[in-house]
Structures are given as C-alpha cells and as structure tokens.
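Try each task before reading its solution.

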Amino acid sequence: MTSVGEAMETLGREECVALLRSAPVGRVVYTDQALPAIQPVTFVLDGDEAVVVRTAPGSKFDAALRGAIVAFEVDAFDPAARTGWSVTVVGQARAVTDPAEAARLARLPLRPWAPGPRDHFVRVPLWRVTGRRIPSAR
C-alpha cells in the first residue's frame, strides 16, 4: 500500500484480491453499441485468477461480453466516517464453452440474485488490478 497525496492510499494486488472476495456485488463496465454501459452482477473469484459471472445464454449482456476488454469494479463506503475503498479489474471477458470447466464453475458459491436461468459463465481474468482506499481521518 502506498499513499496518494494525504487522503488516499493505493492498494497492492494482494489486498485488492482480498477486498474483491469480500464484496457480494460488482459492476461490469463494457461497451454496448459503441456506448459505455455498466451492469451490476453477483460474482465469485475463481482462485486468484479471474472474476466469474453467470449470464443468460443469448442475452444482450452475454453477447456484449464475448471477447470484449471489460472493467470490473467493487467498492464499499461508510458515508458517516467518510471512508471507503474501490477495486478495479481489467481483462478480456471470455465465455466458458468447455463443459468440464462450466461444471466446475457451477460448483463455486455463485448464486445470481436476478430471476431467470443464468447457466452460462463468463470469466474476466485479473490482468490489471488496482485499488484505492480513503482512510479514516487521523
């Protein structure tokens, strides 16, 4: 962890991955018809290597992610204490097509909140992981 100015800390990869594990919902940032789009999703980490989300096969979201370079973001804030943190991942989204890999991912603790079938998996490798924290006032 390093200081950014006097009010912000830059987090190392290990701490960023730990914070990713602590968040139940994140946001996928992608391009939809040449415009920026953001979709909140439930997710799980596959080891320390990738974010995994479940999608509905054939959905617009599923199609938009195929092979796209995306950002994935999680955060937590305490407005009363004026503290918080944010972690961002960048990687190329890949649809999981191998049945054995899909079966393995189905055993991970990932339960979508959205209604309807979500039996398709998309992986976003942790190519670039960055994070920042606003610490409590000293």
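**Exercise 1.** Find which residues of helix H1 (residues 13-22) are buried, and what covers them.

*Solution.* Helices are DSSP runs of H or I with at least four residues, strands runs of E with at least two, numbered from the N terminus. Buried means under 20% relative accessible area, exposed over 50%, partly exposed in between (1.4 Å probe, protein chains only). In H1, Cys16, Val17, Leu19 and Leu20 are buried. They span an arc of only 160° around the axis, so they sit on the same side of H1. That arc is taken from the directions from the helix axis to the C-beta atoms. Their cover includes strands S2 (8-11), S5 (44-46), S7 (69-78), S8 (83-92) and S11 (128-134).

The model is predicted: local features need pLDDT of at least 70, side-chain atom pairs pLDDT 80 or more, while totals for chains, interfaces and linings use all residues. Numbering runs from 1 along each chain as its sequence is written, and side-chain values use heavy atoms, without hydrogens and water.

**Exercise 2.** Count the aromatic pairs and classify the geometry.

*Solution.* Rings of Phe, Tyr and Trp (its six-membered ring) pair if their centres lie within 6.5 Å; planes under 30 degrees apart are stacked, over 60 edge-to-face, the rest tilted. The count is one. The centres of Phe43 and Phe72 are 4.8 Å apart and the planes at 70°, so the pair is edge-to-face. Phe43 lies in the loop between S4 and S5, Phe72 in strand S7, so the pair ties together parts 29 residues apart in sequence. Both are buried.

**Exercise 3.** Decide whether Thr42 is buried or exposed.

*Solution.* Thr42 belongs to strand S4 (residues 35-42). Its relative accessibility is 13%, so Thr42 counts as buried.

Methods
Contact means heavy atoms within 4.5 Å.
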